[in-house]
Amino acid sequence: MRSTPVSLSVPLGPAARVRRSIAGVLPAPVTDRIRTMRGHRPPRVVALEDLDAELEEAARLFTVSEDAAREYLRGLTMAVPQGHPEDPFSKEYEAWVWDLYHRVSGRPEYSIENEASPFNLDEAVAAPYPYSTGSTAVVGEELVARGFIISTLGLAPPARVVEFGSGWGNLTNDLAQMGFEMTAVEVEERFCALTERRSRQPERLHVVHSGMLEFEPEAPFDAAIFYESFHHCADHMAMLDKLTRVVGPGGRVLWAGEPIQPLGYPWGLRLDGYSLWSTRTHGWLELGFDENYFARALERTGWRGRRTRLPSGSALADVIVGER
Ligand SMILES: C[S@@+](CC[C@H](N)C(=O)[O-])C[C@H]1O[C@@H](n2cnc3c(N)ncnc32)[C@H](O)[C@@H]1O
């Protein structure tokens with residue numbers, strides 16, 4: 001097994017390194033220590049049997065304010081599970097990840113139907129996420145991130161771009177409005193309908209109701225984008241492989257706002273409060289990938305990745321650009 005750590009990142013200056021440490025790029029114990037020095041308490045470690053009571057409180061807070069609920073969830077975590085199989089590309093390792101998913105989600109099976117998002121379509125047409133949160137912090141971060149992602153695309157309209165897991169349709173519709181020929185691949189039917197209803201360029205928008213692994217392109221794209229969606233994929237190695245056929249020669253892939261961060265294990269379920277809430281409440285698959293592991297996974301499937309981030313430390317303004 002390879003022992004030299006692989007990095008995707010361009011080295012940062014000292015000031016940016018300190019800011020980045022708060023964003024979770026350093027190992028969790030170091031980040032916790034810096035946060036404690038700055039007056040933030042490290043998150044409480046919650047046992048699985050106490051999780052439901054904690055999440056009930058989070059659910060109550062979501063009815064009060066998005067900021068209050070997120071702040072509460074930032075204060076929770078579960079202990080890093082020990083004893084994972086050594087080879088992160090092995091079947092045993094995969095089984096270890098699924099076992100933890102079943103326990104945390106409380107669901108004996110994972111199916112793509114678990115990725116359903118309950119919301120009211122008419123209300124979402126009027127005020128989609130992030131505007132619906134009413135949180136200046138959430139909306140501000142999302143708009144900065146989306147601008148940053150667009151600035152890293154490195155293509156001009158009318159290039160053909162596919163967005164996987166396009167959700168509320170914000171990025172897809174931004175790009176269609178710029179003149180890109182957009183395909184949005186989304187597993188949740190309501191999100192598909194929402195993206196179409198919000199579109200001002202229906203002639204440049206093709207919405208496909210499908211899982212990302214099941215999607216078969218009619219012709220290769222110039223670029224593929226994942227924005228907080230790749231980590232929901234039930235077989236990320238198969239998806240990386242598939243991308244070599246989804247984008248054409250010279251094409252690129254953007255992994256934006258994906259949780260490529262220190263976890264305490266190469267890849268697996270994320271155990272921060274917000275991810276625990278998502279997994280337990282909805283059954284969503286909330287994976288994370290250590291940067292070294294992700295770089296090796298890219299290498300195995302023929303991709304070269306370069307990571308670029310805003311020095312603000314936002315986890316969303318963070319893009320890995322992959323090329324063949
Ligand atoms: C965290 S959301 C991000 C949404 C989107 N990037 C946005 O900004 O609105 C993840 C999205 O991926 C979708 N998704 C999850 N698993 C998927 C799959 N296997 N194939 C396609 N879409 C999927 C979800 O329905 C959801 O819309």
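This tour moves through a predicted model from the whole chain to its sheet, and then to the ligand. Residues are numbered from 1 along each chain as its sequence is written. Because the model is predicted, local features need pLDDT of at least 70 and side-chain atom pairs count only at pLDDT 80 or more, while totals for chains, interfaces and linings use all residues.

**The whole protein.** Begin with everything displayed as a cartoon, where 12 helices and 11 strands can be picked out (DSSP runs numbered from the N terminus, with H or I over at least four residues for helices and E over at least two for strands). Of the 324 residues, 36% count as buried, a residue being buried if 20 or more other C-beta atoms, placed from the backbone, lie within 10 Å of its own.

**The sheet.** Select next the seven strands of the open, mixed sheet, which follow the order β5-β4-β3-β6-β7-β11-β10; two strands pair if DSSP finds at least two bridges between them. The edges are held by β5 and β10 (304-309), each with a single partner strand, so one side of each has no neighbour in the sheet. Neighbouring strands are turned by 20° against each other on average, direction ignored, with axes taken as lines fitted to C-alpha atoms.

**The β4 neighbourhood.** Move to β4, where five of the six residues are buried. On one side, five bridges join β4 to the parallel strand β3 (residues 160-164), with Glu 163 opposite Ala 184. β4 also pairs in the parallel sense with β5 (residues 205-209), again over five bridges, and Glu 186 has His 209 as its partner there.

**The ligand.** Finally, select the ligand and the 22 residues that surround it, the closest being Gly 165, Gly 167, Trp 168, Met 212 and His 232. Two or more residues of this shell come from each of α8 (170-178) and β4 (181-186). By class, the shell has 10 nonpolar, eight polar and four charged residues, where Ala, Val, Leu, Ile, Met, Phe, Trp, Tyr, Cys and Pro count as nonpolar, Asp, Glu, Lys and Arg as charged, and the others, Gly among them, as polar.

Notes. A residue is near a molecule or strand if its C-beta atom, placed from the backbone, lies within 6 Å of it. A residue is buried if 20 or more other C-beta atoms lie within 10 Å of its own, exposed if 12 or fewer, and partly exposed in between; C-beta atoms are placed from the backbone. Axes are lines fitted to C-alpha atoms, for helices over the stretch in contact, and angles run from 0 to 180 degrees between N-to-C directions.
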